[in-house]
Amino acid sequence: MGWTVRQGLTTATGVVVAVLAALLLGLQDPWWSAISAWVVAAPDRHMMLAKAAQRVMGTLLGLATGLVLALLSNGQPALLLVALFCVGAVGSRARYVTATPYAWLLGAVTATMVLVQSAVAPADLLDFAANRSAEIIAGVICAALVAVVIMPAASAPPAAAAPVPTARE
């Protein structure tokens, strides 16, 4: 299925609304809202909303996992490296064997970002985590709202064609 003008308009409008919302909310990096709105774009509303839900779910679970692992590995670089490895390994594997691959991918990415931030600037960890999750969730919510308003629901798939007889029949 190819993209239509309406889908392009939906994506572009979602990105603009996401940036405006991030600016109105005073979020630190509004471009994270823009990226989040853009990456959840999909050819139909149902696909977009499913992707949006997985992005929010993955971000929140990754945030919680990252914060817990950051607290457990506080001041212990070897333990932090083990936590980074485990997050990457579990997230990479789970995205291939679960029904929610995008959520697992985003969970692993978010947890990794939180863990790296805990090593680089531990004093700013909670601020970083709160800002990043707010920016991502604001972008996804704005994109989803725009999609609900602009993009029509997916139409029914075309009926399957009658099978073509083979030479043996």
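Leaving aside its neighbours within four places in sequence, which residues is Val40 in contact with?

**Entry 1: Val40 and the ground rules**

I looked up Val40 and found Met48, Lys51, Ala52, Arg55, Val140 and Ala143 in contact with it, leaving aside neighbours within four places in sequence. Contact here means heavy atoms within 4.5 Å. I note that this is a predicted model, in which local features need pLDDT of at least 70 and side-chain atom pairs count only at pLDDT 80 or more, while totals for chains, interfaces and linings use all residues. Residues are numbered from 1 along each chain as its sequence is written, and side-chain values use heavy atoms, with hydrogens and water left out.

**Entry 2: The chain as a whole**

I listed the elements of the protein chain and found six helices and zero strands. Helices (H or I, at least four residues) and strands (E, at least two) are DSSP runs, numbered from the N terminus. From the N terminus on, the order is therefore written α-α-α-α-α-α.

I then turned to burial. Of the 169 residues in the protein chain, 38% are buried. A residue is buried under 20% relative accessible area, exposed over 50%, and partly exposed in between, with a 1.4 Å probe and protein chains only. The protein chain exposes about 9800 Å², and carbon and sulfur atoms supply 73% of that area. Accessible areas come from the Shrake-Rupley method with a 1.4 Å probe; for residues, only the protein chains shown count as cover.

Among contacts in the protein chain with a separation of 6 or more, 72% involve residues 24 or more positions apart.

**Entry 3: The nonpolar cores**

Which residues touch the most other members of the largest nonpolar core? I found Ala37, Val40, Met48, Val140 and Ala143, out of 16 residues in that core. The elements that give two or more residues to this core are α1, α2, α3 (45–72) and α6. Helix α6 gives the most, with six residues. A second, separate core has twelve residues, including Leu63, Ala83, Leu115 and Ala129. A nonpolar core is a set of buried Ala, Val, Leu, Ile, Met, Phe, Trp, Tyr and Cys residues joined through side-chain atoms within 4.5 Å.

**Entry 4: Helix α1**

I checked the span of α1. At 1.5 Å a residue, its 20 residues should span 28 Å, and its end C-alpha atoms are 28 Å apart, which agrees. The expected span is 1.5 Å times one less than the number of residues in the helix.

Which residues of α1 are buried? They are Gln7, Thr10, Thr11, Gly14, Val15, Ala18, Ala21 and Ala22. These residues lie on the same side of α1, because they cover an arc of only 135° around the axis. The arc is that of the directions from the helix axis to the C-beta atoms. The buried residues of α1 pack against α2 and α6. On the other side of α1, I found Val5, Leu23 and Leu24 exposed. Just after α1, Gly26 takes a positive phi of about 70°.

**Entry 5: Cys142**

I located Cys142 in helix α6. Cys142 is buried, with a relative accessible area of 10%. Leaving aside neighbours within four places in sequence, Cys142 is in contact with Gly14, Val17, Ala18 and Ala21. Cys142 and Val17 are 125 residues apart in sequence, yet 6.2 Å apart in space, C-alpha to C-alpha.

**Entry 6: The salt bridges**

How many salt bridges does the structure hold? I found two. A salt bridge is a side-chain nitrogen of Lys or Arg within 4 Å of a carboxyl oxygen of Asp or Glu.

One joins the side chains of Arg132 and Asp29 (3.5 Å, N to O). Arg132 lies in helix α6 (residues 125–150) and Asp29 in the loop between α1 (5–24) and α2 (30–39), so this pair ties together parts that are 103 residues apart in sequence. Arg132 is buried, with a relative accessible area of 9%, whereas Asp29 is partly exposed at 22%.

The side chains of Glu135 and Arg132 also meet in a salt bridge (2.4 Å, N to O). Glu135 and Arg132 are three residues apart in helix α6, so about one helical turn separates them. Salt bridges that share partners join Asp29, Arg132 and Glu135 into one network.

I looked at Glu135 last. Glu135 counts as buried, at 0% relative accessibility. Not counting residues up to four places away in sequence, Glu135 touches Leu27, Gln28, Asp29, Trp32 and Ser33.
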